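Please read the points below with the model open beside you.

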Amino acid sequence: MKSTKFTPARKLSKEEIDRKWWEIGDYFRRNSLWMLMYCTGCCAIELPPAMTSAYDMERLGMGPMATPRQADILLISGYLSVKSLRRVIYTYEQMSEPKYVVGLGSCPINGGIYHDSHAVINQLDQYIPVDTYVSGCMPNTESVMNGFVDLMEQIKNKTAKGWIKYKENNEWYKSNQMAALGEVIIHDEFHE
Amino acid sequence: MIVNILIGFGIAILGFVLQTSVAGVNRKIIGRLQKRYGPKWYQEFLDIFKLLSKRSISHGWIFDFGVIMALGGIIATAMFMPITNTFVAFAGYDNFFIFVYLLAVGMLGMAMSASGSGNPLASIGVMRALTTMLAYEVPFMIVVLTVIKLSGTSSMIGIGEFQQALGTNWFLIALPLGGIVAVISLMGMLGKKPFETYIAPAEIASGPMVEYGGKQLGMLFIMHEITVFIEVSLFVHIFLGGASNIFIFLIKYFVVYTVVNLISNVNGRFKIDQVVKFYYKWPLIMAVTQAIIAIYFGWVI
């Protein structure tokens, strides 16, 4: 109903105000996505053309970042060995919220050509929540860019909720991680 | 007094908005230089507001307090900055040495906060930043002291008006060697490419900023933009003849920042010992030569 002098605008509830602020934040977040690239697999070779003058990721406001604290996207490119999964989980938990995960190539989806290897994990989604997959072995640079645009759409439509899922289903993720790794805590000189 | 403080805050906010826009336009220019389309001109604003909208963690109260101290110190410094000959918040307090002292508050706040995070890369970055500061300050100070000796005042507006007077050139032209030294020192101050050693994203993971994320990083970005505003304005006032109205200031500001950025983007990165050696070799020799020529022989163009 339109508000007039005689029917003043209804007071917004706290949830509605929160949602409005969140929408404003989403506008900034989707236009300025900073990536932390976890380039273990061969798909990482598609990233230089995406970043440099051929496809120019920066026009979407995206850019590479040096540390997990500063980054919004964790980009898993290619296969993930069990050994590096430990580091990925550790990196993912360091990132500040809201955070998103993009899986590049077919290896994070179902194992790809390494599906029967004892050394790699097959489905990344079992261990950390993935928001966008870019399939292909390896994906074209256009589809990589398309994946990022898809992620922006998801943020706009509020469907990129992987980080909330990770918090809500933490036990399930933790048990999967334990099953793959034995334990998640890292033993080195910083964590003893 | 209240009005002066409000004008001071206005200058700080003007500096933030101006430098953020200029930096965004410069990202576009650099994009075109590299045959890219480049980001939107307001991309820097989006980045900063995004960072402020994120959730962030803390590493203890030193970590949080240092960020606030850095931002507060830099805003306090920017409040003293004259924009034109008459547009200044605290008339009579626009002395060069005020900026030198107050800039250190912000820098030390950031150093304290970064060390408070406990990350070894942050400590390395802070150490490198202070070493770089030690390197570029010496030649820059010699040149600025020469300028102060020649113009007979250390007030920024005074130096600007001295150059605007009939019969005197801008100090960039009047002291050609000193002008080159000043540009090189300005690049060090701004952390531009050959002297970007303390950021070094690929080497020490962005140095002092390594543990910042979310709101603290956003505040540090705001602090960085205002710092750049102060340093480029210092250069405009001391070497480019100040500004008699605000449009001249904006044009000079944009030109200085863009030129420095263009030089920066065709360069690689020095190691930290190369930075110190470089500054203590050529810029220092040139600065001393310029001081002797200008003060003892009186040869000023």
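1. Met35(A) has Ile73(A), in strand 3 of chain A, as its bridge partner, and in strand 2 of chain A its bridge partner is Pro64(A). Helices and strands here are DSSP runs, of at least four residues (H or I) for helices and at least two (E) for strands, numbered from the N terminus. Leu36(A) stands opposite Leu74(A) of strand 3 of chain A, and Leu74(A) in turn has Val101(A), in strand 4 of chain A, as its bridge partner.

2. This is a predicted model, in which local features need pLDDT of at least 70 and side-chain atom pairs count only at pLDDT 80 or more, while totals for chains, interfaces and linings use all residues. Residues are numbered from 1 along each chain as its sequence is written, and chains are lettered from A, with ligands numbered from 1, in the order in which they are written.

3. The bridges above belong to an open sheet of 5 strands in chain A, with the order 2-1-3-4-5 and parallel pairing, where two strands pair if DSSP finds at least two bridges between them. Strand 1 (residues 34–39) of chain A pairs with strand 2 of chain A over 2 bridges and with strand 3 (residues 73–77) of chain A over 5 bridges. Strand 3 of chain A also pairs with strand 4 of chain A over 5 bridges, and strand 4 (residues 100–104) of chain A pairs with strand 5 of chain A over 3 bridges. The edges are strand 2 (63–64) and strand 5 (132–134) of chain A, each of which pairs on one side only.

4. Leaving aside neighbours within four places in sequence, Ile73(A) is in contact with Leu33(A), Met35(A), Leu36(A), Tyr100(A) and Val102(A), where contact is taken as C-beta atoms, placed from the backbone, within 7 Å.

5. Chain A as a whole has 7 helices and 5 strands, and buried residues make up 40% of its 192 residues. Among its contacts with a separation of 6 or more, 79% are between residues 24 or more positions apart. The C-alpha trace of chain A spans about 70 × 45 × 30 Å along its principal axes.

6. The largest nonpolar core has 133 residues, and those with the most contacts inside it include Ile73(A), Leu74(A), Ala78(B) and Leu220(B); such a core is a set of buried Ala, Val, Leu, Ile, Met, Phe, Trp, Tyr and Cys residues joined through C-beta atoms within 7 Å. Helix 10 of chain B gives the largest share of this core, 16 residues.

7. Helix 10 (residues 215–239) of chain B also packs against helix 2 (residues 43–53) of chain B, at an angle of about 145 degrees and with the axes 6 Å apart. Among the residues that make this contact are Ile48(B) and Leu51(B) of helix 2 of chain B and Leu217(B) and Phe221(B) of helix 10 of chain B.

8. Where the two chains meet, 26 residues of chain B are in contact with 17 residues of chain A. Helix 2 of chain B supplies the largest share of chain B's side, 6 residues.

9. One residue of chain B may be checked separately. Ala91(B) lies in the loop between helix 3 (61–79) and helix 4 (96–116) of chain B, and counts as exposed because it has 11 C-beta neighbours inside 10 Å.

Note on methods:
Axes fitted to C-alpha atoms, helices over the stretch in contact; angles between N-to-C directions. Buried ≥ 20, exposed ≤ 12 C-beta atoms within 10 Å, placed from the backbone.
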